[in-house]
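This report describes chain contacts, domains, helix packing and a few individual residues. The structure comes first.

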Amino acid sequence: MLLAKDIHHCIGKRPIVDQISLEVQPGEILAILGPNGAGKSTLFKLLSGEVVCKRGMVSYNQSEVGDLKASELARIRAVLPQHSQVNFPFTAREVVTLGLHQVIASRHQAILEEVMQMTQIGKFADKLYHQLSGGEQQRVQLSRVLVQIWEHQPYPRYLLLDEPTSSLDIAQQHAVLRIIKKLTTRNIGVVIILHELNLAAQYADKIALLKNGILKKWGSVPEIMDEQLLEMVFDHPVQLIPYAACAAGCFVASAAITTTAHQYINHA
Amino acid sequence: MIKRFSFLILALAIACNPKTTEVQSNTDNSKVITAGGTITEIVDALGMGDLIIATDITSTFPASMQELPSIGYRNQIKAEGILALGPDLILMEEGYLSEDVVNQLRTAQIEIHSFAKPNTVSGTISLIEELGELLDQKAEAESLKAQLNQDLEDLNTYLKTITSKPKAAFIMARGPQTVFLAGEDTFAQEIFQMANLEFPATGFKDFVPITPESIVKINPDYLVFFESGIQSLGGTQGLSKIQGIDQTSAFKKNQIIALDGNYLSGFGPRVGKAALELAKAARGE
Amino acid sequence: MIQSIPTYTNVNAIRLSALSGLLFFVCVASLCLGAYAIPLGNTLSILFNAIGISSVNFELSQSNVLLQIRLPRILLNLIIGGGLGIAGAALQGMFRNPLVEPGLIGVSSGSALFAIIFIVFVSGGTTSTFLTSLGLPLFAFVGGLLHVGAVFKLSSSHGNSDTATLILAGIAINAFAGALIGLVLFFADDSALRSFTFWSLGDMSGASWDKIPYALFLIGIPSIIILQKAQELNALALGEQEAYHMGVPVRQVKILLLIVSALIVGAGVSMVGIIGFVGLVVPHLVRLLFSADHRIVLPGSFLFGAILVNAADLIARLIVIPAEMPIGVITALCGAPFFIWLIFNFKKTRS
């Protein structure tokens, strides 16, 4: 279990993440949502161990993140940041292989094959990374973080992704999220920052809503799908349209504000 | 793995000392290379000039020396270039060849002798004695010394006949951008003293780039150059372009003296003659 | 899906063997050619004799030149060239910037400056005693480290070095060090200081056997340390955060690589002056020819650097016999056009 308890992080006197507690179980996808400036990135960094929280505690499988060495942590969790720059002429396959840093050499070939099969990057595996399209590059990066924690272990692993779909087209977005959904069968817990409410609703199990550093609500998707709650968090009216075919049972829509009756004041 | 490689490196380092094989040295029919104009001149004056197979750029006297293969100049001289000429003996001015080159020549088993560069007459005499001793030409060395002493007497005789002590400054030039003034502890101070010229109290040692204010302040009666130096400035006409010089009494009265570099500064066997020539030139003769 | 393709390590072994073969060839050529002519037959005789196989087809003076002057020179070329190559690769990996090289970012000039200061103020002109032979390269290393640290501090923010700022910082630090070098050389009148061209253009002619052990310890061993970090450099290539997430102790690795690279360059510069472009060109050529994987880039850069410096030194020795062209002229003539080509390509791949 990935556990965050009362984590708190300030810059100067201003709290960026204000006493947040949540849990992620293996096999579960937690989506973190919120408007810009809500503190999602900081929360993400606190969870991944990149930033140490001033107060509170983050632990993976009951070990506090501060007690784990970088190499130990790497065997438990993998992180896909929003942008990754590759400045050297690596091939796609070589980029993916980088993720095998902590894995013993004899298992490399097998893991590479399985993951590359799942992410469908075999076709361009030997092309240079910078010659690939945005969508292809994203799948390569995804493969890289997957190989890091792919192997079955006696303990759960975790995957943290920061807006993995931001520069992808619709088909690509769903493709990536489908891959992530499959991970839940491998004893892996997923934390994903998403911008799009709809994607979160359709693929996540739990959602955490952040605003101004405070965790406004953390619950299952049906609990979060509440118009008033979403309006309050995002400062914009939303409508939930019933749509039985999709996993969340509804589709989240937001419209341009046209009448004065729909002006909403920003809640502090 | 580091340990294994480190051990290998250690072993290599210890092995890095192959034994050098001795080469017999023999001063008869020796092939000699000289480095330094004064040394070349003395070796030749001692009658051993035929032994010299190559020499450096500054060895301009006798003129025939410049027809020999040249080894180059100071820091630009490399060991292999010297070794390619197959010398048995190298006679060099102290510090002329770089430390590394000297070490390399020594490990190649070439006999090298280095001599302090003379900057006084007593230095010249010591050098003549040392070279005479080394080349087994003691008699010739004595006659060289005698000749030098004679020249010095001539100089003294001349100086007794005059009373003036004009002020003179030495300028070293290698083109209009590289113009230096001689300060204390230079050959210039020494030879000016010998010629009974007043050397300016510059307040610094060795050579310093000239500034217009300094040369105007000194305002020498005579300006002394190397022949090569004044040529590099474009002759006496070119001097007018050097700021400061054109305002000195020396320039205005056209009292410019130029002498051969080796002759004037080498402190070789002809130093007495050089001092006398300088003394006379500074009195308008 | 089992294929009998050669594994990655086998391919690398072949590549490295090919490079080693080329290096061997260049070394043999360097042994035979030079201002002092030694025919090939005599060269081989001397070498056989030296390793115990009796052979008499040579003159003693040839033997002394070959074994005492040329052989240590070739070895020094090898060690220093290899060191510059691998240090260049490590610095490029660390700064995540393929345009980085020791000269550009001020390691070389910083080392030269401190080397000169050491000679003037500490050793009083001599460079041959044990203490000065060891103290000089170590002091130069300190200089190189300080300078590269300054460039690093000036140009990085959030663990990423912006190319433009990096180059600007390098220019600034280089200008500063260069000015100080000129200043010290101008006032100190010491033949052991060597000339400005020695420091700024390099000069391998001072090589001798007693320098080799220092080169081996101060360049050879650090090179091996860098070789061990190939995986970490690969991870770092994606970014410091990403490397941390993949389990690399980023800060420690960076400090280690910085120190070790500065040591290699510092020691090299103190012995033979600044030889530019090797650290830039060599890792690139290896990446172009083979792959960007540091497991081949690092050893390949060492071998290629050794080849390049040996070849450049050979040209330097042959082109103006009996004088020698400073080796930096040759490496710059080849390296600068390559650098320009790199900049064009760099723009293309980034956009």
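In this predicted model, the C-alpha centres of domain 1 and domain 2 of chain B are 29 Å apart. The domain assignment places domain 1 at 32–117 and domain 2 at 160–281. Contact between them involves eight residues of domain 1 of chain B and five residues of domain 2 of chain B. On the domain 1 side, the residues in contact are three nonpolar, four polar and one charged.

Chain B as a whole contains 13 helices and nine strands. It has 285 residues, of which 41% count as buried. Among contacts in chain B with a separation of 6 or more, 63% are between residues 24 or more positions apart.

**Helix α13 of chain B**

Helix α13 of chain B covers residues 271–281, and its buried residues are B:V271, B:G272, B:A274, B:A275, B:L276, B:L278 and B:A279. These buried residues of α13(B) pack against several elements of chain B: the helices α5 (121–134), α6, α7 (187–194) and α12 (261–265), together with the strand β9 (256–259).

**Helix pairs**

Two packed helices are described by the angle between their axes and the distance between those axes.

| Helix pair | Residues | Angle | Axis distance |
|---|---|---|---|
| α2(B) and α6(B) | 37–48 and 138–160 | about 120 degrees | 9 Å |
| α5(C) and α11(C) | 130–155 and 250–272 | about 130 degrees | 7 Å |

With an angle of about 120 degrees, α2(B) and α6(B) are therefore oblique to each other. The crossing of α2(B) past α6(B) is right-handed. On α2(B) the contact is formed by B:A45, B:L46 and B:G47, and on α6(B) by B:E140, B:A141 and B:L144. Sorted by class, the residues of this contact between α2(B) and α6(B) are four nonpolar, one polar and one charged.

For the pair in chain C, the angle of about 130 degrees makes α5(C) oblique to α11(C). Here too the crossing is described as right-handed, with α5(C) passing α11(C). The α5(C) side of the contact consists of C:L136, C:P137, C:A140, C:F141, C:G143, C:G144, C:L145 and C:V148. The α11(C) side consists of C:L258, C:I259, C:A262, C:L263, C:V265, C:G266, C:A267, C:V269, C:S270 and C:M271. By class, the contact of α5(C) with α11(C) has 14 nonpolar residues, four polar residues and no charged residues.

**Contacts between chains**

Two pairs of chains touch, and the pair with the most contacts is chains B and C. Chain A and chain B have no contact with each other, and their closest C-alpha atoms are 18 Å apart.

Between chains A and C, 24 residues of chain A are in contact with 23 residues of chain C. Three elements of chain A, namely α2 (70–76), β6 (77–80) and α3 (92–98), each supply at least two residues of the side that touches chain C. Of the elements of chain A, α2(A) gives the most to this side, with four residues. The side of chain A that touches chain C comprises eleven nonpolar, ten polar and three charged residues.

**Two loop residues of chain C**

Which residues does C:S208 touch beyond those up to four places away in sequence? They are B:D100, B:N103, B:Q104 and B:T107 in chain B, and C:P72 in chain C. C:S208 sits in the loop between α7 (196–201) and α8 (212–227) of chain C. Because 19 C-beta neighbours are inside 10 Å, C:S208 counts as partly exposed. C:S208 and C:I74 are 134 residues apart along the chain, while their C-alpha atoms are separated by 10.0 Å.

C:F58 is in another loop of chain C, between α2 (40–50) and α3 (60–95). Is C:F58 buried or exposed? C:F58 is buried, because 20 other C-beta atoms lie within 10 Å, and the cut-off for a buried residue is 20 or more. Leaving aside neighbours within four places in sequence, the contacts of C:F58 are C:N42, C:S45, C:I46 and C:S63. From C:F58 to C:L40 the separation is 18 residues in sequence and 10 Å in space, C-alpha to C-alpha.

Technical notes. Residues numbered from 1 in each chain as written. Chains lettered and ligands numbered in written order. Predicted model: local features only at pLDDT ≥ 70, side-chain atom pairs only at ≥ 80, totals over all residues. Axes fitted to C-alpha atoms, helices over the stretch in contact; angles between N-to-C directions. Parallel < 35°, antiparallel > 145°, perpendicular 65-115°, else oblique. Left-handed = near helix turned anticlockwise from the far one by under 90°. Contact = placed C-beta atoms within 7 Å. Nonpolar A, V, L, I, M, F, W, Y, C, P; charged D, E, K, R; others polar. Buried ≥ 20, exposed ≤ 12 C-beta atoms within 10 Å, placed from the backbone. Domains from an automatic or database assignment.
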